[in-house]
Amino acid sequence: MKTKLIWVSALIVMWGFAACNSSENKDTNDSTADTAVMSVDSASDAQDEDTEFLTEAASGGMMEVELGQLAANKAVSAYVKNFAKMMVDDHTKANNELKSLAAQKGITLPAMLMEKHQKMVNDLTTKIGKEFDKEYMNMMVDDHKKDIDAFEKAADKGNDADIKAFAAKTLPTLKRHLQMAEQTEKKTDKM
């Protein structure tokens with residue numbers, strides 16, 4: 001009888017130990033699953049940030065080209081027309097590189113301007129003469145300041161190495177555009 005009691009006690013202890021280990025394994029598995037979910041969420045957030053940057057850059061680049069074409073036809077100042085030509089040339093090139101990068105990453109870019117960019121085009125379309133030149137150059141200064149901030153952030157803190165490299169490569173051109181826009185804006189203020 002004592003022997004049976006010892007065996008039953010031993011089985012109960014072993015069963016309790018097995019149950020505890022099972023619970024610990026379950027907790028470990030749950031923790032591992034939670035970590036995996038967090039990793040997926042982080043990767044998804046990182047991809048969303050990259051997609052948002054490329055989408056914004058694509059729409060902004062298309063706007064630069066469209067405004068440049070508009071300025072080439074409507075501007076009265078030769079300085080503004082020359083600046084506009086540079087915008088069309090440089091942003092067309094950057095837009096093509098951006099499209100290629102987005103395709104490589106499986107990111108679909110917008111075919112049309114974002115609402116805020118379309119509004120800028122619509123607002124400028126109503127201007128004529130010197131008013132057009134001043135407003136266009138003012139937009140170019142403001143827009144390039146915002147672009148530089150966004151591209152610096154993407155180059156420094158971006159998630160994808162190729163997107164970071166694109167942003168870093170494009171920054172010197174944007175900075176040159178800003179400098180030229182500021183100079184051209186000063187010339188239009190004197191008109």
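**Reading helix packing**

Student: Which residues does V141 touch, leaving aside those up to four places away in sequence?

Tutor: V141 touches L178, A181, E182 and E185, with neighbours up to four places away in sequence not counted. Keep in mind that this is a predicted model.

Student: Where is V141 found?

Tutor: V141 is found in helix α4.

Student: Is V141 buried or exposed?

Tutor: Start with the cut-off: buried means under 20% relative accessible area. V141 has a relative accessible area of 4%, so V141 is buried.

Student: How far apart are V141 and E182, in sequence and in space?

Tutor: Along the sequence, V141 and E182 are 41 residues apart. In space, their C-alpha atoms are 6.1 Å apart. E182 is also one of the residues that V141 touches.

Student: Now the chain as a whole. How many helices and strands does the chain have?

Tutor: The count is 5 helices and 0 strands. Read from the N terminus, the elements run α-α-α-α-α.

Student: What share of the residues is buried?

Tutor: The chain has 191 residues, and 34% of them count as buried. The accessible surface of the chain is about 12000 Å². Carbon and sulfur atoms hold 57% of that surface.

Student: What share of the contacts joins residues 24 or more positions apart?

Tutor: Take the contacts in the chain with a separation of 6 or more. Residues 24 or more positions apart account for 78% of them.

Student: Next, helix pairs. What describes two packed helices?

Tutor: Two values do: the angle between the axes and the distance between the axes.

Student: How do α2 and α5 lie relative to each other?

Tutor: Helix α5 spans residues 161–189. The axes of α2 and α5 come within 11 Å and cross at roughly 165 degrees. The two helices are therefore roughly antiparallel to each other. Their crossing is left-handed. The contact of α2 with α5 has 13 nonpolar, 6 polar and 7 charged residues.

Student: At what angle do the axes of α2 and α4 cross?

Tutor: Helix α2 covers residues 78–105, and helix α4 covers residues 129–157. Their axes cross at roughly 40 degrees and come within 11 Å. That makes α2 oblique to α4. Here α2 passes α4 in a left-handed crossing.

Student: Which residues meet where α2 touches α4?

Tutor: From α2 come V80, F83, A84, M87 and H91. From α4 come D133, Y136, M137, M140 and H144. By class, that contact has 7 nonpolar, 2 polar and 1 charged residues.

Student: Back to single residues. Is K186 buried or exposed?

Tutor: The cut-off for exposed is over 50% relative accessible area. K186 stands at 57% relative accessibility, so K186 counts as exposed. K186 is found in helix α5.

Student: How far apart are K186 and K134?

Tutor: K186 and K134 are 52 residues apart in sequence. Their C-alpha atoms are 9.2 Å apart in space.

Student: What about Q104: buried or exposed?

Tutor: Q104 is exposed, with a relative accessible area of 56%. Its place is in helix α2.

Student: What separates the C-alpha atoms of Q104 and D162?

Tutor: The C-alpha atoms of Q104 and D162 are separated by 9.8 Å. Along the chain, Q104 and D162 are 58 residues apart.

Technical notes: Residues numbered from 1 in each chain as written. Predicted model: local features only at pLDDT ≥ 70, side-chain atom pairs only at ≥ 80, totals over all residues. Heavy atoms only, no water. Axes fitted to C-alpha atoms, helices over the stretch in contact; angles between N-to-C directions. Helix = DSSP H or I, 4+ residues; strand = E, 2+ residues; numbered from the N terminus. Parallel < 35°, antiparallel > 145°, perpendicular 65-115°, else oblique. Left-handed = near helix turned anticlockwise from the far one by under 90°. Contact = heavy atoms within 4.5 Å. Nonpolar A, V, L, I, M, F, W, Y, C, P; charged D, E, K, R; others polar. Buried < 20%, exposed > 50% of the residue type's maximum accessible area, 1.4 Å probe, protein only. Areas by Shrake-Rupley, 256 points an atom, 1.4 Å probe, with all protein chains shown as cover.
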